[in-house]
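Okay, thanks for making time, everyone.

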Amino acid sequence: MSPGPLASAVREALAEVTDPELPVLTIEDLGVLRDVTVGEDGRVEVTITPTYSGCPAMDVIRRDVERVLAGHGWDGAVVRTVLSPAWTTDWMSDDGRRKLREFGIAPPGPVAPVGAVAVDLVRCPRCGSAETRLVSRFGSTPCKALRACRRCLEPFDHFKPL
Amino acid sequence: MRNETPLDTDVSAYAVRLGDDALVLAQRLAECSSRAPALEEDIALSNIALDLLGQARALLTYAGEIEGARGPGGVPRQGSRSEDDLAYLRSEREFTNCQLVEQPNGDFAVTMARQLFFSAYQLALYRRLVASADATLAGVAAKGVKEVAYHVDHAGGWVVRLGDGTDESHRRVAAAVEQLWPFTHELFEADELTGRLAGAGVGVDSSELAIAWKEHVGGVLSEATLKCPPFGETAGWRPAGGRRGVHTEHLGFLLAEMQHLHRSHPGAKW
């Protein structure tokens, strides 16, 4: 991370880039925005990392970042995609988790050791009950599982720990 | 800039091999989209396909970059292949995926048994590949290992439910295990390529994955009240050859469907 007025301005501008499937979350909330640097020649470089290997939202996010950078006149700005270190839901900001819950999606719990599936207590984002059950490990997007609440009986999405 | 070394050629071939496994299985699973037995399963299979497709894209893109980046004399080569060139413009004999992934979906028991066998292999492989001296392969593995953990958990859960379910579901999943088991031996066959890459700390000696795989899959089969067929030298029919481009008749049909649009309309984008 390189502090400085231009890098801060870029970060501020990128706050309008959200996940197309989760419009309440900015790419910074998600932990997809890894770095913003400004070279000695003033060239802006933005580093992002994909959530899931095949998530189609990544293509949209990359285009949106490029559009915002071009819109602000940061010519020659480069958007770099890195795979390593691998994205984890542990990078999601507290603010992001709160926004997710308010949006009706249960936020991810802590991540299990590598190669294992986390078994965590998931609370219903509507009524807060911990009495919920897994309907399917896979949901409407790669990052979500389907659950249902035993108390209020509502189905809901759960952002899987990864 | 340095010259392309024999190691680069090996890494490129290895990335294609891993990428082909993921791509072919992604295509197979995509066949289930809109026709899985239940809506939740439709979504699950499509999600697994998407994860595998993402891994395939990263691996094939990387293989093409290595090909193109360093020609003789360190001069960037003309005509290096993109992920699309590799996916859509190679013939059946140029695909180096294992034969397991090209096997047809069959009934749901076959689809799940194939997924369990392959994902347990991929999990063991990626767990080791995260320590590869090649940063890109290590990066793909580090991302993939988390995704595959969900795939194997999902498939294993179904194999247990089917095996320990009704007489009919038990009979079907037992038949699926028997049908696909011969194709699992190939997963653990080391060859010169894996030997050289394991020696260089870049790849994984496939034969070393067998123990972890057998323990994992054996545990699931036992919980599913299914018999674990013989493993290793005592096994009977051991089809192989996928890594050398020798495939079962099913791959040609799969590729015809996957490639025809790109071949009929070169460069088509949407």
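Let me start with a question: is H151(B) buried or exposed? At 0% relative accessibility, H151(B) counts as buried, where buried means under 20% relative accessible area, exposed means over 50%, and partly exposed is in between, with a 1.4 Å probe and protein chains only. This histidine sits in helix α6 of chain B, residues 135-163; helices here are DSSP runs of H or I with at least four residues, strands are E runs of at least two, and both are numbered from the N terminus. So what is H151(B) in contact with, leaving aside its neighbours within four places in sequence? From chain A there's F138(A), and from chain B there are I48(B), D51(B), L52(B), Q115(B) and S119(B). Contact means heavy atoms within 4.5 Å.

Quick housekeeping before I go on. This is a predicted model, so local features need pLDDT of at least 70 and side-chain atom pairs count only at pLDDT 80 or more, while totals for chains, interfaces and linings use all residues. Residues are numbered from 1 along each chain as its sequence is written, chains are lettered from A and ligands numbered from 1 in the order in which they are written, and side-chain values use heavy atoms, with hydrogens and water left out.

You've got four helices and nine strands, and from the N terminus the order is α-β-β-α-β-β-α-β-α-β-β-β-β. The C-alpha trace spans about 60 × 30 × 25 Å along its principal axes. There are 162 residues in chain A, and 48% of them count as buried. If you take contacts with a separation of 6 or more, 52% of them in chain A are between residues 24 or more positions apart.

Now the interface. Chain A puts 28 residues into the contact and chain B puts in 25.

How many salt bridges does the rule find across that interface? One, and the rule is a side-chain nitrogen of Lys or Arg within 4 Å of a carboxyl oxygen of Asp or Glu. The pair is R137(A) with D153(B), at 2.3 Å from N to O.

Over all chains, though, the search of the whole structure gives 21 salt bridges. Let me pick a few. In chain A, D95(A) pairs with R98(A), closest N and O atoms 2.5 Å apart. The two are three residues apart in helix α4, residues 94-102, so they're separated by about one helical turn. D95(A) is partly exposed at 37% relative accessibility, and R98(A) is partly exposed at 36%.

R67(A) and D64(A) make a salt bridge too, at 3.6 Å. They're three residues apart in helix α3, residues 57-71, so again about one helical turn.

Over in chain B, R196(B) and E192(B) meet at 3.9 Å, N to O. This pair is four residues apart in helix α8, residues 192-199, which is also about one helical turn. R196(B) is partly exposed at 44%, whereas E192(B) is exposed at 65%.

Last one: D107(B), E168(B), R171(B) and R172(B) are linked in a salt-bridge network. Okay, that's my tour.
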